[in-house]
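Please look over the sequence and the model before reading on.

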Amino acid sequence: MADGVDERHGFFGVIARPRSYLNILYLLLGLPLGVLYFTVLVTGFSLGVGLMVLALVGIPILIGLWYVSHMFMQMERGMAVGMVGVDVPPVTPLPVWPGGLWRQFKAFMGHAPTWKGIAYLFLRFPAGIATFTIAVTLISTSLAMTFGPTFMWTSDDLTWGSWTFDPFWWSFLLIPFGIVLAFVSLHLINALATACARWARWSVGGDEVTSQPAPTIGEPAEPAEPKTLTPA
């Protein structure tokens, strides 16, 4: 398996992979998490910007929002790694700038990786609606076709013009199509989950440099030790 894609068991083996069902859960969680992110970010920015104009209370609110956003980004990375199996580098740490809230606030405002992550968290809401809808549609359609006779055995006869027929017996024709659709749906869900996790890797994952511990900005550098010259 590489980067969330597992092809060891072929087309029909997808139903036996535990990762397939984790991917379903990953796509379904996109909607409630997207709503959570959108609500927290909109509320936080509204309060922070509004109160910063009237008083300095907005500054600690926005600083707190940065920390909450960073926590959300770490949670997204953990889901992409643990549920989908995509390798995501650690989230870029927030900069540490001693000297008061205002200097810390300015450091956060200029931190590009966090802004990229916040944009991802905002877009998680519409993307979550799409992934939730696609996953539910694929699963429900394949199950309805596969177990069609279970739903149709108590149904009344249907009339089409002068032709009357019992849908229960005709529903058996849908079973093979439902089974094939179930396998196809799992492959589509796995591909969609992998694409979403790779998007998360690009949005919240750091790199070899920025994923190192956050530097403390503004502190004086330690003086270098003097070198002792040894005469030749």
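How many helices and strands are there in the protein? There are seven helices and two strands, where helices (H or I, at least four residues) and strands (E, at least two) are DSSP runs numbered from the N terminus. The model is predicted, so that local features need pLDDT of at least 70 and side-chain atom pairs count only at pLDDT 80 or more, while totals for chains, interfaces and linings use all residues. Residues are numbered from 1 along each chain as its sequence is written, and side-chain values use heavy atoms, with hydrogens and water left out.

**Overall organisation**

- Along the sequence, the elements of the protein follow the pattern α-α-α-α-α-β-β-α-α.
- Of the 232 residues in the protein, 35% are buried; buried means under 20% relative accessible area, exposed means over 50%, and partly exposed lies in between (1.4 Å probe, protein chains only).
- Among contacts between residues at least 6 apart in sequence, 74% join residues at least 24 apart; a contact means heavy atoms within 4.5 Å.

**Packing of the helices**

- Two packed helices are described by the angle between their axes and the distance between the axes.
- Axes are lines fitted to C-alpha atoms, for helices over the stretch in contact, and angles run from 0 to 180 degrees between N-to-C directions.
- Angles under 35 degrees count as roughly parallel, over 145 as roughly antiparallel, 65 to 115 as roughly perpendicular and the rest as oblique.
- Helices α1 and α2 pack at an angle of about 170 degrees, and their axes are 10 Å apart. Helix α1 is therefore roughly antiparallel to α2.
- The contact of α1 with α2 comprises 27 nonpolar, six polar and two charged residues. In this classification, Ala, Val, Leu, Ile, Met, Phe, Trp, Tyr, Cys and Pro count as nonpolar, Asp, Glu, Lys and Arg as charged, and the others, Gly among them, as polar.
- The axes of α4 and α7 cross at roughly 175 degrees and come within 9 Å. Helix α4 is therefore roughly antiparallel to α7.
- In the contact of α4 with α7 there are 23 nonpolar, eight polar and two charged residues.

**The crossing of α2 and α4**

- Helix α2 (residues 58-84) and helix α4 (residues 112-146) have axes that come within 10 Å and cross at roughly 70 degrees. The two helices are therefore roughly perpendicular to each other.
- The residues of α2 that take part are Trp66, Ser69, Phe72, Met73, Glu76 and Met79, which meet Pro113, Thr114, Trp115, Gly117, Ile118, Tyr120, Leu121 and Arg124 in α4.
- By class, this contact of α2 with α4 has nine nonpolar, three polar and two charged residues.

**The largest nonpolar core**

- The largest nonpolar core has 38 residues, and those with the most contacts inside it are Tyr26, Leu27, Phe45, Val84 and Leu121. Such a core is a set of buried Ala, Val, Leu, Ile, Met, Phe, Trp, Tyr and Cys residues joined through side-chain atoms within 4.5 Å.
- The elements giving two or more residues to this core are α1 (18-54), α2, α3 (101-109), α4 and α7 (174-204).
- Helix α2 gives the most to this core, with 11 residues.
- With its neighbours within four places in sequence left aside, Leu27 is in contact with Thr131, Phe132, Ala135, Ile189, Leu192, Ala193 and Cys196.

- Ser20 is in helix α1 and is buried, with a relative accessible area of 1%. Ser20 and Leu186 are 166 residues apart along the chain, yet their C-alpha atoms are separated by 6.5 Å.
- Not counting residues up to four places away in sequence, Ser20 touches Val14, Leu186 and Asn190.
- Met145 is in helix α4, and its C-alpha atom is separated by 5.7 Å from that of Ile175, 30 residues apart along the chain.
- Leaving out residues up to four places away in sequence, Met145 touches Leu174, Ile175, Phe177, Gly178 and Leu181.

**The loop between α2 and α3**

- Is Val86 buried or exposed? Val86, in the loop between α2 and α3, is buried, with a relative accessible area of 1%.
- Val86 and Arg198 are 112 residues apart in sequence and 6.8 Å apart in space, C-alpha to C-alpha.
- Pro90 also lies in the loop between α2 and α3, and is partly exposed, with a relative accessible area of 40%.
- Pro90 and Val204 are 114 residues apart in sequence, with a C-alpha to C-alpha distance of 8.2 Å in space.
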